[in-house]
Number of protein chains: 2
Amino acid sequence: MEHLGQHVIIELWGCQEGVINDAALVKTAMLDAVRAANATLLDINVHMFSPHGVTGVAVLSESHLSVHSWPEYGYVAADVFTCGETTNPRAAAKELQRHFGSTHCEVRELRRGRFPKSLSSPGKKRPALAAQEAVTV
Amino acid sequence: MEHLGQHVIIELWGCQEGVINDAALVKTAMLDAVRAANATLLDINVHMFSPHGVTGVAVLSESHLSVHSWPEYGYVAADVFTCGETTNPRAAAKELQRHFGSTHCEVRELRRGRFPKSLSSPGKKRPALAAQEAVTV
């Protein structure tokens with residue numbers, strides 16, 4: 001592995017307004033998504049905005065999972081950032097889609113922490129296969 | 001504006017190990033970055049890992065800011081997700097780079113919440129100019 005983290009960026013449209021505008025339901029969805037990703041939860045914060053909208057951020061041993069909802073558009077922006085070989089961020093994406101009843105889901109994946117070729121003297125060893133080490137609690 | 005959020009993805013290399021492995025210094029950097037972005041802090045969590053590495057997540061009225069460090073590689077993955085017209089996520093990126101002493105910074109920006117053209121019957125109005133409304137606390 002030549003990168004340190006996987007970052008799955010999720011655009012969910014056609015979500016159920018009553019679900020994504022309910023902080024308790026969003027939190028439940030996030031907790032199920034963390035489990036589906038086989039990640040370890042350290043902390044979770046969910047905030048309800050007025051007149052509408054929910055933001056939730058889960059801190060993971062393996063990085064983070066975030067959700068921001070715009071109920072008035074049936075839209076949720078979610079991110080699942082994980083590291084290590086044992087997590088499955090795409091499974092988290094599916095779980096969020098299921099909970100929110102999204103009819104249109106776009107997922108893209110970024111590799112984070114790819115050593116830049118243009119950096120000739122990093123003064124550090126090259127990342128390889130050690131992501132797990134950095135996230136042991 | 002035809003999107004709801006700006007998501008700035010920041011790859012910081014050549015960071016000072018002593019800074020990015022110190023939870024208090026990472027928290028200070030994050031708080032300064034939130035101010036630089038002209039964002040409003042709702043909550044912040046910073047975790048120190050063993051043997052090394054720090055994760056910090058700030059929940060904002062305008063979405064979130066996250067930092068994950070791999071001190072052994074001098075690397076930090078940071079994300080600044082904001083919405084509304086009054087925030088400047090790139091200013092937050094510069095503040096993080098300055099605090100961490102990064103010698104090599106890569107920034108890319110994603111537009112989140114762009115209404116998908118392929119979605120013919122969203123059942124919702126089209127997003128435009130209303131991001132601010134969704135994040136009023």
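Is A:Asp79 buried or exposed, and what is its relative accessibility? In this predicted model, A:Asp79 counts as buried, at 0% relative accessibility.

A:Asp79 has a charged partner on the other chain: its side chain meets that of B:Arg112 in a salt bridge, 3.0 Å from N to O. The pair crosses between chains, running from strand S5 (residues 75-83) of chain A to strand S6 of chain B. B:Arg112 is buried as well, with a relative accessible area of 1%.

B:Arg112 also forms a salt bridge with A:Glu11, at 2.6 Å from N to O. A:Glu11 sits in strand S1 (residues 5-13) of chain A and B:Arg112 in strand S6 of chain B, so this pair joins two chains too. Both of these residues are buried.

Over all chains, the count comes to 10 salt bridges. Here are some of them:

| Salt bridge | N to O distance |
|---|---|
| A:Arg35 and A:Asp32 | 2.5 Å |
| B:Arg112 and A:Glu11 | 2.6 Å |
| A:Asp79 and B:Arg112 | 3.0 Å |

The A:Arg35 and A:Asp32 pair belongs to helix H2 (residues 23-36) of chain A, where the two are three residues apart and so separated by about one helical turn. A:Arg35 is exposed, with a relative accessible area of 58%, whereas A:Asp32 counts as buried at 19% relative accessibility.

Now for the surface. A:Arg108, B:Arg111, B:Arg114 and B:Lys117 gather there in a patch of positive charge. One of them, B:Arg111, lies in strand S6 (residues 104-112) of chain B and is partly exposed, with a relative accessible area of 49%.

Note on methods
Residues numbered from 1 in each chain as written. Chains lettered and ligands numbered in written order. Predicted model: local features only at pLDDT ≥ 70, side-chain atom pairs only at ≥ 80, totals over all residues. Heavy atoms only, no water. Patch = residues over 30% accessible without salt bridge, like charges linked within 9 Å, V, L, I, M, F, W, Y side chains within 5 Å. Areas by Shrake-Rupley, 256 points an atom, 1.4 Å probe, with all protein chains shown as cover. Salt bridge = Lys/Arg side-chain N within 4 Å of Asp/Glu carboxyl O. Lys, Arg positive; Asp, Glu negative; His and termini not counted. Charge placed at Lys NZ, Arg CZ, Asp CG, Glu CD. Helix = DSSP H or I, 4+ residues; strand = E, 2+ residues; numbered from the N terminus. Buried < 20%, exposed > 50% of the residue type's maximum accessible area, 1.4 Å probe, protein only.
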